[in-house]
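Dear colleague,

I am passing on the structure below, followed by an account of what was found in it. Please read the account with the coordinates open beside you.

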Amino acid sequence: MTPEVLAKLQAAAFSATRAWSAAEFASLLSHPGTRVIGDENCFILIRNVLDEAEVLTLATAPAMRRRGLARCILHEAEEQAKAQGAATIFLEVAENNTAAIGLYTSSGYSQIGRRPGYYLPKDGAPIAALVLRKSLATT
């Protein structure tokens with residue numbers, strides 16, 4: 001997938017916040033250990049550094065939600081991260097994103113922190129991010 005396709009899908013998935021530009025996606029993808037998994041309906045951007053992995057973003061096209069795409073992509077990303085030596089995986093999720101929180105907690109993630117004002121919606125007050133972690137030792 002091109003950075004342009006990634007930017008377009010992320011903008012559709014997260015319309016209330018500033019979307020990442022194609023140039024930002026290209027920059028992230030240029031770093032070692034960073035990869036994208038998915039297609040034009042759902043993708044995850046993940047980065048491995050030593051024995052840790054981080055989900056940078058996971059986006060599903062609004063018309064394709066509630067079909068299990070994100071769960072499948074997340075599981076595939078975890079398996080790839082583990083195969084590349086990651087023992088744990090981390091992510092941030094907006095504390096008001098109940099659908100994503102449900103996905104992550106039902107997939108074995110636990111909250112380990114909170115970042116106040118992390119997300120800046122276009123119209124509204126800043127939203128805290130929940131920092132979640134999952135051990136990949138048993139997946």
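The strands and helices named below are DSSP runs, a helix having at least four residues and a strand at least two, and they are numbered from the N terminus. Please keep in mind throughout that this is a predicted model.

Taken along the principal axes, the box filled by the C-alpha atoms is roughly 40 × 30 × 30 Å. Of the 139 residues, 40% count as buried, and among contacts with a separation of 6 or more, 55% are between residues 24 or more positions apart. The accessible surface comes to about 7,500 Å², with 55% of that area belonging to carbon and sulfur atoms. As for charge, there are 14 positive and 13 negative side chains, and the centres of the two sets lie 5 Å apart.

Strand β2 (residues 42–49) is mostly covered, with 6 of its 8 residues buried. On one side of the pairing, strand β1 (residues 34–38) runs antiparallel to β2 and is joined to it by 5 bridges, with Ile-37 standing opposite Ile-44 in β2; a hairpin of 3 residues connects the two strands. Strand β3 (residues 52–60) also pairs with β2 in the antiparallel sense, over 8 bridges, and here Cys-42 stands opposite Thr-60 in β3. Between β2 and β3 the hairpin has 2 residues.

Two backbone angles deserve a check on your side. Most residues other than glycine have a negative phi. Leu-50, which lies in the loop between β2 and β3, has a positive phi of about 55 degrees although it is not a glycine. With a relative accessible area of 75%, Leu-50 is exposed. Arg-66, in the loop between β3 and α3 (69–83), likewise has a positive phi, near 65 degrees, and is a residue other than glycine. Arg-66 counts as exposed at 83% relative accessibility, because the cut-off for that class is over 50%.

With best regards

Definitions and conventions:
Residues numbered from 1 in each chain as written. Predicted model: local features only at pLDDT ≥ 70, side-chain atom pairs only at ≥ 80, totals over all residues. Heavy atoms only, no water. Buried < 20%, exposed > 50% of the residue type's maximum accessible area, 1.4 Å probe, protein only. Contact = heavy atoms within 4.5 Å. Areas by Shrake-Rupley, 256 points an atom, 1.4 Å probe, with all protein chains shown as cover. Lys, Arg positive; Asp, Glu negative; His and termini not counted. Charge placed at Lys NZ, Arg CZ, Asp CG, Glu CD. Pairing = 2+ DSSP bridges.
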